[in-house]
Structure formats: structure tokens, C-alpha cells
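Hello everyone. Please take a look at the chain on the screen, and keep it in view while I talk.

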Amino acid sequence: MTSLSLSPAADRGHPPAPRAVAVWLLVCAGMVFAMAIIGAITRLTESGLSITEWKPVTGALPPLSEAQWLAEFEKYRQIPEYQLLKRGMSLEEFKGIYFWEWLHRLWGRLIGVVFLLPLVWFWVRGQVSRALVPTLVGLFLLGGLQGFIGWFMVQSGLTERTDVSHYRLALHLGMAFLIYAALLKVALGLLDPAPTPQPAARRLRPHAWAALALLGVTVVWGAFVAGINAGLAYNTWPLMGGTLAPAEMWTLTPAWLNLLENTAAVQFVHRWVAVVTALVVLALAWRAWRTGGGTRLRGVAAGLAAATVAQVGLGIATLLSVVWIPLATAHQGGALVLTGLLVWTLHLLRPQPEMPRPDTSLPEMPAPR
């Protein structure tokens with residue numbers, strides 16, 4: 001009796017194509033990177049609430065006539081953001097913010113198509129290993145969930161608020177980073193399934209995981225900063241309003257709520273968690289460089305150090321410029337670059353499978369008769 005195969009063409013002589021699959025996944029990761037950049041511009045230009053309905057299929061087309069534009073504008077004029085903050089906006093101004101939200105949603109649809117169609121093609125041709133199929137299907141489902149989270153976020157700003165919930169914004173951004181990191185991890189595993197063993201891997205991997213976790217926390221608080229416009233409050237460095245920790249940090253009760261919703265406290269947390277994260281990543285880069293683990297590990301370590309210094313500089317410059325959109329967008333891109341480099345570092349530090357130990361026990365002697 002033959003075993004069942006998850007790939008219909010697996011028995012027709014089509015061998016797995018790990019390199020082609022990896023390149024496809026890297027293209028998808030690049031598109032997610034671009035999606036995060038478009039999302040940053042959408043947020044920074046306050047364009048995210050310009051489309052007030054979720055139409056996954058028909059919404060791919062923008063308004064094509066003056067009547068359609070006026071209908072979309074009228075829907076926007078009904079929400080609190082327009083009534084309280086944007087009253088008097090012209091139709092041409094509305095078209096400008098509509099473009100970024102439409103592009104953001106359209107790019108998300110394109111990512112879904114670019115992921116799904118090659119997945120089906122590789123699967124039908126038997127070029128995806130059976131072990132990898134659940135992972136790829138899971139990534140596709142995560143992408144669908146991300147689309148729903150995006151609409152869940154937008155909904156929070158359509159009725160009573162003039163902006164989206166910063167908690168939902170953080171969830172949306174965090175999911176984008178998760179999908180991006182997962183795509184890179186799977187692609188690297190296909191391109192380089194057996195990286196050169198690193199003698200210091202056991203010591204460095206916990207450090208690398210800690211760096212990635214701290215980066216995740218920094219990104220979440222960065223989303224909080226963006227969501228409540230905390231980046232516009234204190235535009236000096238390293239002091240905030242002339243002090244290291246302004247008194248306004250503790251105006252909410254209970255006290256812990258300040259860390260999540262107080263403008264001063266949220267910016268303070270993002271600043272200093274970012275500094276701690278940078279120091280941890282720089283220490284990891286230094287340790288990885290000193291291990292003598294080969295050209296690739298040293299190259300990634302050098303990239304980590306350079307990207308970390310650049311990211312700190314971009315963060316400070318964003319503050320000092322009062323959140324100039326090009327700098328703020330580059331700052332979000334820098335976080336993605338650091339994420340990718342840490343995923344690559346963890347790949348190179350992947351523990352090698354242990355070889356079975358030879359059986360050195362003596363054979364039992366037969367009992368004397």
C-alpha cells in the first residue's frame with residue numbers, strides 16, 4: 001500500500017525546488033517590507049481613515065468618476081476625524097490622502113496574489129516538500145488575518161475617535177514584522193539548510209533571541225508613539241522638556257496606565273527601551289565578530305552594528321525634525337532591516353543536530369554451560 005502525498009505531482013518526477021521557493025519567499029518578504037513603508041507614509045500623512053468601507057474585491061479599484069469621488073468624500077465627511085479635525089478639506093486634498101490608503105490596501109491584495117499563485121504552482125508541480133506545506137499555508141493564513149486586523153484597526157477610528165486605536169495599530173504593525181521575519185526564516189532555511197557550525201552558537205543564541213525580543217518591544221512602543229502622536233510632544237534629545245523624565249509622565253491613574261497612554265511616558269519608554277535594545281544588539285555584534293565564526297557571521301555582525309547605529313541616529317533625527325515624514329519612514333524601515341539581520345544571525349547560529357554516539361558497550365558473554 002503506498003503512502004499518500006501532499007503534493008499531487010510528487011510522484012511524477014518533479015523534484016523539490018528549494019532555491020526557487022526561497023527566491024519567491026524573499027520576493028514576498030520584500031513586498032511586506034514595502035507594505036510597511038507604505039503603511040508608515042499612510043499613517044504619517046493621516047490618510048488611514050480616508051476609506052471608510054472594507055471591500056476586499058471591489059475596493060481594488062479607486063473612484064473612476066467625479067460622482068464616485070464625491071460619494072467617497074461624503075462618506076469621509078461623516079466620521080469624527082473630518083468633523084473635528086479636517087472640516088473644510090477640499091476634494092483635491094481628500095484625493096491626496098485617499099491615494100495612500102488605497103495604495104496600502106491594494107499592495108496588501110497584491111501580496112496575497114503573489115503569495116497564493118506561486119504556492120499553488122509549486123504545490124501542483126510537487127516542488128514543495130511535504131514538510132514545508134503546512135508552514136506555507138500557515139503564512140498565507142497569517143496574511144489573511146493581517147488584512148482583517150487592518151480593517152479592525154480602521155474601524156476603531158470611524159465612530160467616536162478621531163484616530164485609530166494605538167493598541168490596534170501596534171497589533172497591525174507587530175503582525176507585519178512577524179510575517180516578514182517568518183518569510184525570511186523559511187527562505188534562509190531553504191537557501192542554506194546546513195549553515196557552517198558555529199562553536200559559540202550555544203552561548204550566542206540566547207543573546208540573539210533577547211535582542212530580537214527587545215527589538216519587538218521597541219517596535220510596539222514605537223507604534224504607541226505614532227498612535228497617540230507622542231513624537232510631537234518632546235522634540236529634544238536626550239532631555240525631555242529640560243529634564244530626563246518629565247513630571248507629566250505620571251498624570252494618569254492607575255500609574256501603569258501612563259506607560260501605555262500618557263504621551264510623555266510613552267515617548268520616554270520608547271526612547272530608553274530603544275537605547276537598551278541598541279546596546280544589547282551592539283554587544284551581540286561584538287561577540288559574534290570576536291568568535292571568528294567565518295566570513296558570513298562576521299559580515300552579519302558588522303551589518304548589525306552599522307544598522308543599529310543608523311537606526312538610533314534616525315530615531316533621534318526624527319524627534320529633532322518634529323517627525324519629518326521621510327525620516328520617520330526611514331526609521332520604520334530601519335527597524336525592519338534590524339529584524340532581518342537578527343533573523344539571519346539566528347539562522348547562522350542554528351544548533352547543529354547531534355550525531356548519534358557510537359555504542360561502546362561490551363557485548364554480553366554467553367553464560368558457561
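First, the ground rules. This is a predicted model, where local features need pLDDT of at least 70, side-chain atom pairs count only at pLDDT 80 or more, and totals for chains, interfaces and linings use all residues. Residues are numbered from 1 along each chain as its sequence is written, and side-chain values use heavy atoms, with hydrogens and water left out.

Start with the record. The unreviewed UniProt entry annotates "transmembrane region" at several stretches, including 21–41, 106–124, 269–289 and 331–349. Positions follow the numbering used here, feature names are shortened, and annotations may be inferred rather than shown by experiment.

What does the chain do over residues 269–289? That stretch is 100% helix and 0% strand, with its end C-alpha atoms 30 Å apart. Residues 331–349 are 95% helix and 0% strand. Their end C-alpha atoms are 27 Å apart. Helices here are DSSP runs of H or I, at least four residues, and strands are runs of E, at least two, numbered from the N terminus.

Now helix α7. It covers residues 201–227, so 27 residues by the DSSP runs. From first C-alpha to last it reaches 38 Å, close to the 39 Å expected at 1.5 Å a residue. The expected span is 1.5 Å times one less than the number of residues. After α7 comes N229, with a positive phi near 55 degrees.

Next, the second largest pocket. Its volume is about 600 Å³. A pocket is an open set of points on a 1 Å grid over the protein atoms alone, where a 1.4 Å probe fits, with protein on both sides within 12 Å along at least five of seven lines. Points are joined across faces, edges and corners, and the volume is the space filled by probe spheres set on them. Lining residues have an atom within 4 Å of a point.

Which residues lie nearest the centre of this pocket? They are A181, K185, W209, L212 and V343, out of 22 lining residues. Helices α6, α7 and α11 each supply at least two residues of the lining. By class, the lining has 14 nonpolar, five polar and three charged residues. Ala, Val, Leu, Ile, Met, Phe, Trp, Tyr, Cys and Pro count as nonpolar; Asp, Glu, Lys and Arg as charged; the others, Gly among them, as polar.

On to salt bridges. That means a side-chain nitrogen of Lys or Arg within 4 Å of a carboxyl oxygen of Asp or Glu. The count comes to nine. One of them pairs R43 with D163, closest N and O atoms 2.5 Å apart. R43 lies in helix α1 and D163 in the loop between α5 and α6, so the pair ties together parts 120 residues apart in sequence. Both residues are buried, meaning under 20% relative accessible area; exposed is over 50%, and partly exposed is in between, with a 1.4 Å probe and protein chains only.

R296 and D192 also meet in a salt bridge, at 2.8 Å from N to O. R296 sits in helix α10 and D192 in the loop between α6 and α7, 104 residues apart.

UniProt's unreviewed entry places it at H270 and H331. H270 lies in helix α9. At 16% relative accessibility, H270 counts as buried.
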